[in-house]
Amino acid sequence: MSRSTPRARPAGPKTTIDRSCLTLLAVVFAGNGFWAFLMPVSWHKNFPGFGLSWLPRLGPYNEHLARDSGAMFLALALFSALAVWRITDVVLTRIAGATWLVFNGLHLGYHLTMLHMYSARDQVLSMLSLAFLVALSLVPLLPAPRPSTPGREQRAGAELVD
């Protein structure tokens, strides 16, 4: 049985863009994961940082939930790092993107229902950051542009030059 998607592709601009997106997702979520897992009280009180605090409005502190979230973030970050390491493997890259898209899409969807709990500034910042993560997740799923083939006129001109 043949696959419609090739397992490997040569390195090119699409590979570089996918690598950048998956690396950024891995770094952001590794940092978040270490914070949530190793310092769950601080994470709950101070997330996302930068003087902002979004989690206490969503409910009381729960160490189990905070550490489990951190562990899941770390697992996803590791998966992204493996996909970056094998970036020319189209299937792995797309699975990583799809996995992130499920998480980040559902995460964005949930927070769309919780906007009433935040100030206008926090609503905007939250939605922009979550939408950015969805966009980063979507990029590895997009196909690489097909290389353009010279038209008949260009080939004919090239033959005259030879």
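A nonpolar core is a set of buried Ala, Val, Leu, Ile, Met, Phe, Trp, Tyr and Cys residues joined through side-chain atoms within 4.5 Å; buried means under 20% relative accessible area (1.4 Å probe, protein chains only). The model is predicted, so local features need pLDDT of at least 70 and side-chain atom pairs 80 or more, while totals for chains, interfaces and linings use all residues. Residues are numbered from 1 along each chain as its sequence is written, and side-chain values use heavy atoms, without hydrogens and water.

**Exercise 1.** Find which residues have the most contacts inside the largest nonpolar core.

*Solution.* Start with the core itself: it has 24 residues. Those with the most contacts inside it are Leu22, Leu25, Phe29, Trp43, Trp100, Phe103 and Leu133. Next, see where the core comes from: H1, helix H3 (63-85), H4 and helix H5 (120-138) each give two or more residues (helices are DSSP runs, H or I, of at least four residues, numbered from the N terminus). The largest share, six residues, comes from H1.

**Exercise 2.** Describe the aromatic pair of Phe29 and Phe103.

*Solution.* Rings of Phe, Tyr and Trp (its six-membered ring) pair if their centres lie within 6.5 Å; planes under 30 degrees apart are stacked, over 60 edge-to-face and the rest tilted. The whole structure has ten aromatic pairs. Phe29 in helix H1 (residues 13-38) and Phe103 in helix H4 (residues 90-112) are 74 residues apart. Finally, check burial: Phe29 is buried at 4%, and Phe103 is buried at 19%.

Methods. Buried < 20%, exposed > 50% of the residue type's maximum accessible area, 1.4 Å probe, protein only.
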